[in-house]
Amino acid sequence: MRSAFTLKNSFSHGLRRGNVMLLSAALLVAMIGFAAFTIDIGYIAVVKSQLQNAVDAATLAGAMELDCNGDQTLVAQNVKNAVMEIAALNRVGTNPGLVLDPDVDIQLGRQEWNVAQQKFVYQWGAAYQPYNIVRVDGRLDVVSNGQTATDRRLPLFFAPAMGNDTASLNSTSIATFQPRDMMLCLDFSASMNDDTEFQQIPVLGQSVVTNAITQMWQDLGSPAYGSMPFTPSYLTSQGVAASGTIPHISVTFKGTQASVTSTMNLTTVRLKFSNNNTQTFSSLSGTTGTFQGSGSNNNKRITNVWVLSGTNTNLSTEAWGEKFNFADSDIVTKLGLGTYPHPGGSWLEFVNYVNTSSYVNTAGFRYKYGIMCLINYWMETYPTASSSPGMWVCSAQPVTMVKNASDTLVDYIADVEADDRIGLSIYSHTNSTGAIKESGLTDNLSSVKTLYRQRQAGHYTGGTNIKAGLQVARLELEQNSRPMAYRMIVLMTDGLPNLGGTNPTQAALDEATLCKNSKIRVMTVSVGADADTSLMQQIADITGGLHFSVPGGATFAEYEANLKDAFRQIAANRPLRLLPGVPSTN
């Protein structure tokens with residue numbers, strides 16, 4: 001027989017066991033509920049991510065159809081078609097594709113920079129054309145089109161046991177071509193007119209260069225200077241008029257030769273040379289002859305010619321016949337050259353240039369005076385705007401091709417109305433920096449075009465300071481670019497850096513690294529056979545940009561076509577961007 005203690009203990013133990021079972025059952029229910037809640041929450045998170053990915057992909061696809069130059073009604077339809085097509089390919093939860101209502105879920109509008117507010121504003125609807133921005137709202141919800149309702153809500157697994165059968169989800173994405181803040185960094189060194197100088201005749205041919213200089217003269221308005229012809233020719237000096245036994249004599253000066261013509265038979269011709277020696281040619285016959293020094297006078301420049309013919313003995317103080325003078329100052333006078341037109345140079349220096357320049361000699365114009373030589377003299381010797389102002393109107397090469405290619409880029413940006421801004425850095429300059437910011441970032445694109453079109457090769461100085469040009473462009477972008485704008489520099493050169501410290505090449509590379517650190521991409525363009533393509537490729541690689549090489553050896557037309565193509569590709573390099581958050585309408 002059990003004792004009372006034993007019975008009491010057994011009863012208490014059974015009671016505790018029953019309480020544990022009840023507690024365990026309650027905890028199990030709670031754990032199952034928590035697990036169900038966790039599974040559904042995880043599922044919702046996965047589907048939310050799928051929904052956002054689908055909306056992002058569809059929005060980017062729609063933005064690619066934006067075209068500010070096209071019919072905006074057609075553009076809107078193309079955008080919506082692209083959005084719907086890509087959305088339908090992206091699985092969202094149990095749906096094989098995201099279903100959108102094109103009239104409700106897809107909006108087009110414009111993004112513009114508000115100067116007063118210093119931020120981008122977004123405006124939606126057909127009133128804001130041409131469109132440059134797309135918004136897509138992806139919704140898993142009950143959607144009504146005014147007549148019928150469609151339930152797109154996400155069905156859940158365990159939540160129905162708690163009275164929640166579905167979940168409503170939504171995601172929004174906005175995409176646009178990212179507005180660009182772009183600095184043009186252009187080479188206006190003196191070499192930018194080399195292709196229209198005599199020095200390039202061995203490479204490009206005589207007719208190409210002389211035709212180009214002819215065009216430059218016409219660009220200037222075909223100015224005249226004294227009696228000097230445009231096409232270089234030898235100077236012919238006319239003597240006194242014929243009178244009785246006094247003949248009329250003309251002498252054509254050819255530097256080391258003199259061609260003499262008289263209306264009467266020649267008797268004696270006497271030459272004086274630059275070394276002050278003289279040589280006399282006697283017992284002549286006939287009315288014409290060409291004379292030059294021999295022996296120690298061979299290839300010596302003639303400075304004076306005396307011609308004895310008829311009875312003109314006393315026409316000179318030396319009684320050697322009529323005297324003709326061909327010193328530089330005499331040539332200036334005989335050509336009727338008045339006031340020299342530019343601050344740099346002089347008529348005397350020009351005459352000496354024609355007589356001594358190896359490039360003039362290569363062209364076959366030594367001792368031949370003409371406006372063609374004068375233009376070449378300006379380009380080679382006095383290219384700066386302070387020395388030869390107004391030469392920017394001339395179609396010198398390759399600088400004119402660069403201007404035309406830059407027009408292609410600027411015009412494209414203006415046409416697409418993508419809210420891009422452009423600034424202008426020119427190298428080189430005589431200031432302490434070595435380059436100049438001609439224009440800060442601006443949406444007044446025509447003003448930038450005016451600036452670079454009114455600059456000439458060697459405008460400020462002749463050297464090539466790539467580092468300084470990049471630095472000026474970088475600082476402008478760092479200080480004045482807009483939030484969210486794509487920062488870019490377009491760097492162009494036709495030569496090798498020869499300014500910018502003891503190692504100009506390394507200085508340019510160091511500046512490229514600073515651009516990289518500031519998240520600025522540099523698109524480089526090397527023009528002609530003399531450009532440092534290796535350096536330009538390295539600069540592009542460092543910054544994540546692209547390099548375009550326009551090799552030399554082609555015609556000007558081919559050259560310009562290739563250059564325009566490079567700038568066109570740069571202009572079209574417009575990155576798409578998903579905007580963070582959902583901008584409000586302003």
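I began with the contact (heavy atoms within 4.5 Å) in which Thr 505, Ala 508, Leu 509, Ala 512, Thr 513, Cys 515 and Lys 516 of α12 meet Leu 535, Gln 538, Ile 539, Ile 542 and Thr 543 of α13. By class, I noted seven nonpolar, four polar and one charged residues in this contact, where Ala, Val, Leu, Ile, Met, Phe, Trp, Tyr, Cys and Pro count as nonpolar, Asp, Glu, Lys and Arg as charged, and the others, Gly among them, as polar.

Entry, source and terms. The model is predicted, and local features need pLDDT of at least 70, side-chain atom pairs count only at pLDDT 80 or more, while totals for chains, interfaces and linings use all residues. Residues are numbered from 1 along each chain as its sequence is written, and side-chain values use heavy atoms, with hydrogens and water left out. Helices (H or I, at least four residues) and strands (E, at least two) are DSSP runs numbered from the N terminus.

Entry, geometry of that pair. Helix α12 (residues 504–517) and helix α13 (residues 533–543) pack at an angle of about 20°, with their axes 8 Å apart; the axes are lines fitted to C-alpha atoms, for helices over the stretch in contact, and angles run from 0 to 180 degrees between N-to-C directions. That makes α12 roughly parallel to α13 (angles under 35 degrees count as roughly parallel, over 145 as roughly antiparallel, 65 to 115 as roughly perpendicular and the rest as oblique).

The residues in contact include Met 401, Leu 409 and Tyr 412 of α9 and Phe 556, Leu 563 and Phe 567 of α14. By class, the contact of α9 with α14 has twelve nonpolar, three polar and three charged residues.

Entry, sheet. Which order do the six strands of the open sheet take? I read it as β19-β18-β9-β20-β21-β22, with mixed pairing (two strands pair if DSSP finds at least two bridges between them). Each of β19 (435–442) and β22 (547–550) stands at an edge with a single partner strand, so one side of each is left without a neighbour in the sheet. The twist averages 15° from one strand to the next. Helix α10 (residues 445–453) packs on the sheet, touching β9 (180–187), β18 (421–427) and β19, and its direction makes about 160° with that of β19. Strand β21 (residues 521–527) runs parallel to β22 and is joined to it by four bridges, and Val 527 stands opposite Val 550 in β22.

Entry, burial. I looked up helix α8 (residues 371–381) and found nine of its eleven residues buried (under 20% relative accessible area, with exposed over 50% and partly exposed in between, for a 1.4 Å probe and protein chains only). Among the buried ones are Cys 373, Tyr 377 and Trp 378, and what covers the buried residues of α8 includes α4 (206–219), α6 (347–356) and α7 (358–362).

Entry, one residue. Met 84 lies in helix α2 (residues 72–88) and, at 28% relative accessibility, counts as partly exposed. Not counting residues up to four places away in sequence, Met 84 touches Leu 100, Pro 102 and Ile 106.

Entry, whole chain. I counted 14 helices and 23 strands, and of the 586 residues 49% count as buried.
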